[in-house]
Amino acid sequence: MFTGIVQGTAKVVTIEKKEKFQTHVLDLPAGLGQGLAIGASVAHNGCCLTVTKIEGTEVSFDLMQETLRLTNLGELAPGAWVNIERAAKFGDEIGGHNMSGHISTVATITEVIDTPNNRTIWFELPAQHMKYVLAKGYIGLDGCSLTIGEVKANRFNVHLIPETMQRTLFGHKQAGDHVNVEFDPQTQAIVDTVERVLAAKQM
């Protein structure tokens, strides 16, 4: 379980590619790697991955084909950076919202608007996913718990404060970039339940 409060960023050192499988080795800063053990869960751009090897500050994670297909992690190359969040512990403060680390789809950034001390980013999603995107609702984007601003057709935006831009990779994102999306599970459950009930009534 994660909270959507990104704790920092880490650099991808190497990527070992095999058939329908990859191992990513990250250089975790000391604060992010403290107390880390093999088998622990760490979110990379919001995607929950398991630690498979630890050698000093370099930590390895295995990615299956499904993970590479559904997320932006398959686009990474050595030298790239990812948002990092360690798994939440019982009793931790939930500063964002509960997130599972299971990515639903990928959104494309269509526009970035910079103003003094603020940044607004517009995203585009496949139309079938927009039912889970509600103005002022929660959404997980590359592991960040963010509040949805405006919603227009199959596009939506978020407004970012300087702290978010400094702590995460969103200060460097540009139009055309792909971002991992995890929808708020409560919103998903409500929307899907209402759809099933309405469908049953029409039968």
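Domain 1 and domain 2 of this predicted model bury about 890 Å² between them, with 41% of that on carbon and sulfur atoms. Buried area here is the accessible area, taken with a 1.4 Å probe, that two parts lose on being put together, summed over both. Asn45, Asn72 and Asn83 supply 46% of what domain 1 buries against domain 2, more than any other three residues.

A word on the ground rules. Residues are numbered from 1 along each chain as its sequence is written, and side-chain values use heavy atoms, leaving out hydrogens and water. In this predicted model, local features need pLDDT of at least 70 and side-chain atom pairs count only at pLDDT 80 or more, while totals for chains, interfaces and linings use all residues.

Where are the domains? Domain 1 covers 8–86 and domain 2 covers 105–196, with bounds from an automatic or database domain assignment. Their centres, over C-alpha atoms, are 23 Å apart.

Now the interface. In contact (heavy atoms within 4.5 Å) are 14 residues of domain 1 and 13 residues of domain 2. How many residue pairs are in polar contact across the interface? The rule finds seven, both residues at pLDDT 80 or more. A polar contact is a pair of N or O atoms within 3.5 Å; within protein, one must be able to donate a hydrogen and the other to accept it, and residues adjacent in sequence count only if both atoms are side-chain atoms.

On the domain 1 side, strand 1 (8–18) and strand 6 (81–86) are the elements giving two or more residues. Strand 6 gives the most, with four residues. Strands (E, at least two residues) and helices (H or I, at least four) are DSSP runs, numbered from the N terminus.

Finally, the whole protein. It has four helices and 12 strands. Its radius of gyration, over C-alpha atoms, is 17 Å, close to the 17 Å from the globule rule for 203 residues, so the protein is as compact as a globular protein of that length. That rule is 2.2 Å times the number of residues to the power 0.38.
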